[in-house]
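Please keep the sequence and the 3D view open while you read.

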Amino acid sequence: MGESWIVSNLNAALSTWNDKLAEIWLLLTESPQTFKGGQVWGVMIGIHGALQAIGYGLLVLFFAVGVMKTCGSFVEVKKPEHALKLFIRFALAKGAVTYGLELMLAVFSIVQGMVSTIITQSGSSGMSSVTLIGGLLITVLSFTMILTVYGRMFSLWMYAAIAPIPLSTFAGEPTSSVGKNFIRSYAGVCLQGVVIALSCIIFSAISSSPPAVDTGASVVTAVWTYVGELAFNLLVLVGAIKGCDRIVKEIMGL
């Protein structure tokens with residue numbers, strides 16, 4: 001009776017684990033535009049459009065500040081080379097505010113292509129099942145992982161919504177660092193998907209050869225021996241997924 005209860009609980013935890021792994025895979029391969037039927041994306045597009053109007057106003061403000069900071073006098077502004085440089089900067093900044101969302105989606109598509117390539121080269125179409133792993137530990141770890149991946153999706157939505165404001169800072173040379181940091185941070189969030197996919201693939205390869213268990217031992221002993229040997233791999237996977245932002249920041253120097 002006791003052994004049956006333990007095995008049943010472990011199987012229930014296993015089901016939760018595999019469901020969350022499958023959900024992680026879905027989140028990594030799905031665009032924020034189509035997730036949940038695109039309802040959240042529609043709201044973000046509305047906010048993006050409203051902030052775009054504010055971005056145009058800030059564009060002029062940052063441009064004026066940039067002119068005052070970089071030109072010592074009005075005479076310098078009248079020089080053709082200075083005037084052309086300022087015009088090009090303003091035009092590029094306006095283009096960034098107007099077409100920033102399209103550029104961000106292009107960056108996301110490139111990273112999604114990297115994720116797809118990783119999946120294809122690994123020979124995986126999803127996460128492989130893991131047998132008889134552990135109870136409360138596995139349930140907690142599975143929810144910890146899925147919350148991290150959902151957090152990445154929320155970040156993508158937020159970056160898309162507020163993009164016009166930081167992109168408008170490109171209009172002025174003194175404030176352009178804000179826009180550069182925004183683009184680098186957004187690229188970092190996109191690349192988190194690559195790190196998470198690699199972590200899951202590595203774990204899948206490791207777990208494809210489960211630890212050996214003494215078949216002569218009792219069910220309870222065999223199960224908990226298995227749990228102890230596999231717990232380290234689970235914690236490494238969760239740690240890698242939780243630390244994906246730190247790994248990307250170290251790679252990109254953020």
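Gln112 has its place in helix 4. Helices here are DSSP runs of H or I with at least four residues, strands are runs of E with at least two, and both are numbered from the N terminus. Gln112 has 12% relative accessibility, so it counts as buried. Buried means under 20% relative accessible area, exposed means over 50%, and partly exposed lies in between (1.4 Å probe, protein chains only).

Leaving aside neighbours within four places in sequence, Gln112 is in contact with Leu28, Thr29, Glu30, Ser31 and Arg152. Contact means heavy atoms within 4.5 Å.

## Model and numbering

This is a predicted model, in which local features need pLDDT of at least 70 and side-chain atom pairs count only at pLDDT 80 or more, while totals for chains, interfaces and linings use all residues. Residues are numbered from 1 along each chain as its sequence is written, and side-chain values use heavy atoms, with hydrogens and water left out.

## Overall build

The protein chain has nine helices and zero strands. From the N terminus on, its elements run α-α-α-α-α-α-α-α-α. The chain holds 254 residues, and buried residues make up 42% of them.

Take the contacts between residues at least 6 apart in sequence: 86% of them join residues at least 24 apart. The chain exposes about 13100 Å², and carbon and sulfur atoms supply 68% of that. Accessible areas come from the Shrake-Rupley method with a 1.4 Å probe; for residues, only the protein chains shown count as cover.

## The nonpolar core

Which residues touch the most other members of the largest nonpolar core? They are Ile24 and Ile196, in a core of 52 residues. At least two core residues come from each of helix 1 (2-29), helix 2 (39-70), helix 4 (80-122), helix 5 (135-162), helix 7 (176-207), helix 8 (219-242) and helix 9 (244-252). A nonpolar core is a set of buried Ala, Val, Leu, Ile, Met, Phe, Trp, Tyr and Cys residues joined through side-chain atoms within 4.5 Å.

Ile196 is in contact with Ile24, Leu28, Val149, Arg152, Ile241 and Cys244, leaving aside its neighbours within four places in sequence. Thr148 sits in helix 5. Thr148 is buried, with a relative accessible area of 16%. Not counting residues up to four places away in sequence, Thr148 touches Ile241, Lys242 and Cys244.

## Aromatic pairs

A pair of aromatic rings is described by the distance of the centres and the angle of the planes. Rings of Phe, Tyr and Trp (its six-membered ring) pair if their centres lie within 6.5 Å; planes under 30 degrees apart count as stacked, over 60 as edge-to-face and the rest as tilted. By this rule there are three aromatic pairs. The rings of Phe154 and Trp157 have centres 5.3 Å apart and planes at 70 degrees, so this pair is edge-to-face. Both residues lie in helix 5, three residues apart, about one turn of the helix. Phe154 is partly exposed at 43% relative accessibility. Trp157 is buried at 4% relative accessible area.

Tyr159 and Phe182 form a tilted pair, with 5.3 Å centre to centre and 40 degrees between the planes. Tyr159 lies in helix 5 and Phe182 in helix 7, so the pair ties together parts that are 23 residues apart in sequence. Phe182 counts as buried at 9% relative accessibility. Tyr159, Phe182 and Tyr186 form one aromatic cluster.

Is Pro164 buried or exposed? Pro164 counts as buried, at 0% relative accessibility. Its place is in helix 6 (residues 164-167). Leaving aside neighbours within four places in sequence, Pro164 is in contact with His48, Leu51, Gln52, Gly55 and Val97. Pro164 and Tyr99 are 65 residues apart in sequence and 9.3 Å apart in space, C-alpha to C-alpha.

Gly46 is found in helix 2. Gly46 counts as partly exposed, at 45% relative accessibility. The C-alpha atoms of Gly46 and Ala161 are separated by 8.0 Å, and the two residues are 115 apart along the chain.
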